[in-house]
Amino acid sequence: LAETHAAGLEVDVIMFSAGISACCHGNWSLALEVLRTMRQSKSMPDISTMSSVIRSCGLAAAWQDALQVFQQIREDHLL
């Protein structure tokens with residue numbers, strides 16, 4: 001994602017979501033960081049993106065982080 005941005009290309013929701021999905025197996029903290037970056041870039045995550053972050057946190061037993069992401073889903077009215 002950083003290389004895409006550095007090349008002057010716009011990183012969109014699909015690219016962010018792909019990056020988060022790639023983190024699902026063992027890198028939950030990176031998934032959370034990509035989500036933060038996504039929000040800072042004004043790209044609004046969809047329910048699929050948020051579900052991938054929750055899954056990543058769940059696989060790592062990072063349940064508190066998963067609950068915070070779920071709260072963001074509710075605040076963003078994605079459910």
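**Entry 1: helix α2**

Which residues of helix α2 (residues 13-22) are buried? I reminded myself that this is a predicted model, then looked them up: Phe16, Ser17, Gly19 and Ile20 are the buried ones. They lie on the same side of α2, because they cover an arc of only 160 degrees around the axis. I turned to the other side of α2 and found Ile14 and Ala22 exposed there. I also wanted to know what lies over the buried residues, and the cover includes α3 and α4 (47-59).

**Entry 2: α2 against α3**

For α2 and α3, the axes come within 9 Å and cross at roughly 165 degrees. An angle over 145 degrees counts as roughly antiparallel, so α2 is roughly antiparallel to α3. I noted the crossing as left-handed. On the α2 side, the contact is made by Val13, Phe16 and Ile20. On the α3 side, Ala31, Val34, Leu35, Thr37 and Met38 take part. Sorted by class, this contact has seven nonpolar residues, one polar residue and no charged residues.

**Entry 3: α3 against α5**

Next I looked up helix α3 (residues 28-40) and helix α5 (residues 63-75), whose axes come within 12 Å and cross at roughly 25 degrees. That makes α3 roughly parallel to α5, as the angle is under 35 degrees. This crossing is left-handed. Which residues meet here? From α3 I wrote down Trp28, Leu32, Leu35 and Arg39, and from α5 Asp65, Val69 and Gln72. By class, I have four nonpolar, one polar and two charged residues in the contact of α3 with α5.

Is Ser56 buried or exposed? Ser56 sits in helix α4, and it is buried, with a relative accessible area of 2%. Leaving out residues up to four places away in sequence, Ser56 touches Cys23, Cys24, Asn27, Trp28 and Ala31.

Then I moved to Ser43, in the loop between α3 and α4. Ser43 counts as buried at 13% relative accessibility, because the cut-off for buried is under 20%. Ser43 and Asp12 are 31 residues apart in sequence, yet 6.8 Å apart in space, C-alpha to C-alpha. With residues up to four places away left out again, Ser43 touches Val11, Val13, Phe16 and Met38.

**Entry 4: positive phi angles**

A reminder to myself: most residues other than glycine have a negative phi. Where is Ala61? I found it in the loop between α4 and α5, with a positive phi near 60 degrees. Ala61 is exposed, with a relative accessible area of 59%.

His77 also has a positive phi, about 55 degrees, although it is not a glycine. Its place is in the segment after α5. His77 is exposed, with a relative accessible area of 69%.

Note on methods. Residues are numbered from 1 along each chain as its sequence is written. This is a predicted model: local features need pLDDT of at least 70, side-chain atom pairs count only at pLDDT 80 or more; totals for chains, interfaces and linings use all residues. Side-chain values use heavy atoms; hydrogens and water are left out. Axes are lines fitted to C-alpha atoms, for helices over the stretch in contact, and angles run from 0 to 180 degrees between N-to-C directions. Helices (H or I, at least four residues) and strands (E, at least two) are DSSP runs, numbered from the N terminus. Angles under 35 degrees count as roughly parallel, over 145 as roughly antiparallel, 65 to 115 as roughly perpendicular and the rest as oblique. A crossing is left-handed if the near helix is turned anticlockwise from the far one by less than a right angle, and right-handed if clockwise. Contact means heavy atoms within 4.5 Å. Ala, Val, Leu, Ile, Met, Phe, Trp, Tyr, Cys and Pro count as nonpolar, Asp, Glu, Lys and Arg as charged, and the others, Gly among them, as polar. Buried means under 20% relative accessible area, exposed over 50%, partly exposed in between (1.4 Å probe, protein chains only). The arc is that of the directions from the helix axis to the C-beta atoms.
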